Amino acid sequence: MIDKALAALRDGKFILLYDFDDREGETDFAIRSDVVTPRHILQMRKDGGGLICTAVHPVAAQRLGLPFASDALRAIAVAERQGDIPYDRKNHSSFSLWVNHRNTFTGITDRDRALTVNAIAEQVKQALNGGSINFHETFRTPGHMALLRAADGLLDVRKGQTELSIAMAQMAKITPAVTICEMLDDESGYALTKADAKIYAKQHGLVFIEGSEVMKRWEAEKKSR
């Protein structure tokens, strides 16, 4: 299934990415950010319902000057402390800045968010390829698109949806900027169950992939390097 998931990601299709039973236990929509359209934003907010975020590679984040939100907010004493997150007590969250592209109006519409996401992917590409970086001239903050900064070392350090999606982008050899959104359950008020997420995947012709499968390929590729 991992090969099908990587191919789908490479082809600009949604995949459904589940993390782990003993972590968040959530399924996210995931799609490469450089192909996101307003229709993709619509599907995520309608059928996912969680927070639409864009995960970026740690090296790109560093070169773009993107801090962890917890570090940036520590001065005003509202930042999370180690151990605050029930599902990941060893690490802080991956949240960085919230941005809008400077050419957006409110920033929240499907068109505005798609524009912001595409531009983030372009900045990540430029940052990793030695191109011109103009992040601060391209975006303004606060905004409506949450940026997630993957941990240095990716899945060797942290095993969240942020790291899983960026590791998959790296293995698929695409620009490591991936837009994700949790799938929520309208009835229970909790995350959509794994079983229901699999049903959605089958109904919509999407690949469903578990974090354990991503980890297995990641470890295999690491050994082969």
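The views show a predicted model, in which local features need pLDDT of at least 70 and side-chain atom pairs count only at pLDDT 80 or more, while totals for chains, interfaces and linings use all residues. Residues are numbered from 1 along each chain as its sequence is written, and side-chain values use heavy atoms, with hydrogens and water left out.

**View A. Helix α5 (residues 110-129) and the residue that follows.** Helices (H or I, at least four residues) and strands (E, at least two) are DSSP runs numbered from the N terminus. After α5 comes G130, which has a positive phi near 80°.

**View B. The packing of α2 (residues 38-48) against α5.** The two helices pack at an angle of about 110° with their axes 8 Å apart, where axes are lines fitted to C-alpha atoms over the stretch in contact and angles run from 0 to 180 degrees between N-to-C directions. That makes α2 roughly perpendicular to α5, a term for angles of 65 to 115 degrees. On the α2 side the contact (heavy atoms within 4.5 Å) is made by P38, I41, L42 and R45, and on the α5 side by D110, R111, R113 and A114. These residues divide into four nonpolar, no polar and four charged, with Ala, Val, Leu, Ile, Met, Phe, Trp, Tyr, Cys and Pro counted as nonpolar, Asp, Glu, Lys and Arg as charged, and the others, Gly among them, as polar.

**View C. Strand β5 (residues 139-149) and the loop between β5 and α7.** P142 lies in β5, and a cis peptide bond with omega of about 5° joins T141 to P142. In the loop between β5 and α7 is L154, which has a positive phi near 50° although L154 is a residue other than glycine; at 3% relative accessibility, L154 counts as buried.

View D. Because 11 of its 12 residues are buried, α7 is largely enclosed by the rest of the structure. Just after α7, K173 takes a positive phi of about 60°, and at 73% relative accessibility K173 counts as exposed.

Key. Parallel < 35°, antiparallel > 145°, perpendicular 65-115°, else oblique. Buried < 20%, exposed > 50% of the residue type's maximum accessible area, 1.4 Å probe, protein only.
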